[in-house]
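Please consider the sequence and the structure shown below. The paragraphs that follow lead through selected residues and their surroundings.

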Amino acid sequence: MKSFQKPVLILHGDYDPVPVSIAKKADAIFPNSKLQIMENCGHYGWLDRPDIYLKEVKNFLKENSSLVN
């Protein structure tokens, strides 16, 4: 993962059964990543916090793709 140079978006709910430390570890390993911890959110961010999840995905795509308006 250290050699992967493409942008990576890591979305993680603060109530996810997978510990936040795992997301933080991935963020530390990927050289070009952005970590967004979503408050009051479990494992399914698009269901629990679509307001944050969809905004972050849209912004990430805008910033990292010439194909998205």
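A polar contact joins the side chain of Glu56 to the side chain of Lys34, at 2.5 Å. The term polar contact denotes a pair of N or O atoms within 3.5 Å; within protein, one must be able to donate a hydrogen and the other to accept it, and residues adjacent in sequence count only if both atoms are side-chain atoms.

This is a predicted model, in which local features need pLDDT of at least 70 and side-chain atom pairs count only at pLDDT 80 or more, while totals for chains, interfaces and linings use all residues. Residues are numbered from 1 along each chain as its sequence is written, and side-chain values use heavy atoms, with hydrogens and water left out.

Glu56 belongs to helix α3, residues 50-64. Helices (H or I, at least four residues) and strands (E, at least two) are DSSP runs, numbered from the N terminus. Because its relative accessibility is 8%, Glu56 counts as buried; buried means under 20% relative accessible area, exposed over 50%, and partly exposed in between, with a 1.4 Å probe and protein chains only. When neighbours within four places in sequence are left aside, Glu56 is in contact (heavy atoms within 4.5 Å) with Leu9, Leu11, Lys34 and Gln36. Between Glu56 and Met1 there are 22 Å in space, C-alpha to C-alpha, and the two are 55 residues apart in sequence.

The loop between β2 (33-38) and α2 (45-48) contains Asn40. Although Asn40 is not a glycine, it has a positive phi of about 55 degrees. Its relative accessibility is 49%, so Asn40 counts as partly exposed.

The aromatic residues come next. How many aromatic pairs does the structure hold? There are three, where rings of Phe, Tyr and Trp (its six-membered ring) pair if their centres lie within 6.5 Å, and planes under 30 degrees apart count as stacked, over 60 as edge-to-face and the rest as tilted. The ring centres of Tyr44 and Trp46 are 5.3 Å apart and the planes stand at 75 degrees, so this pair is edge-to-face. Trp46 also forms an edge-to-face pair with Tyr53, with 5.8 Å from centre to centre and 65 degrees between the planes.

Trp46 is placed in helix α2. With a relative accessibility of 44%, Trp46 counts as partly exposed, and Tyr44, at 45%, also counts as partly exposed.
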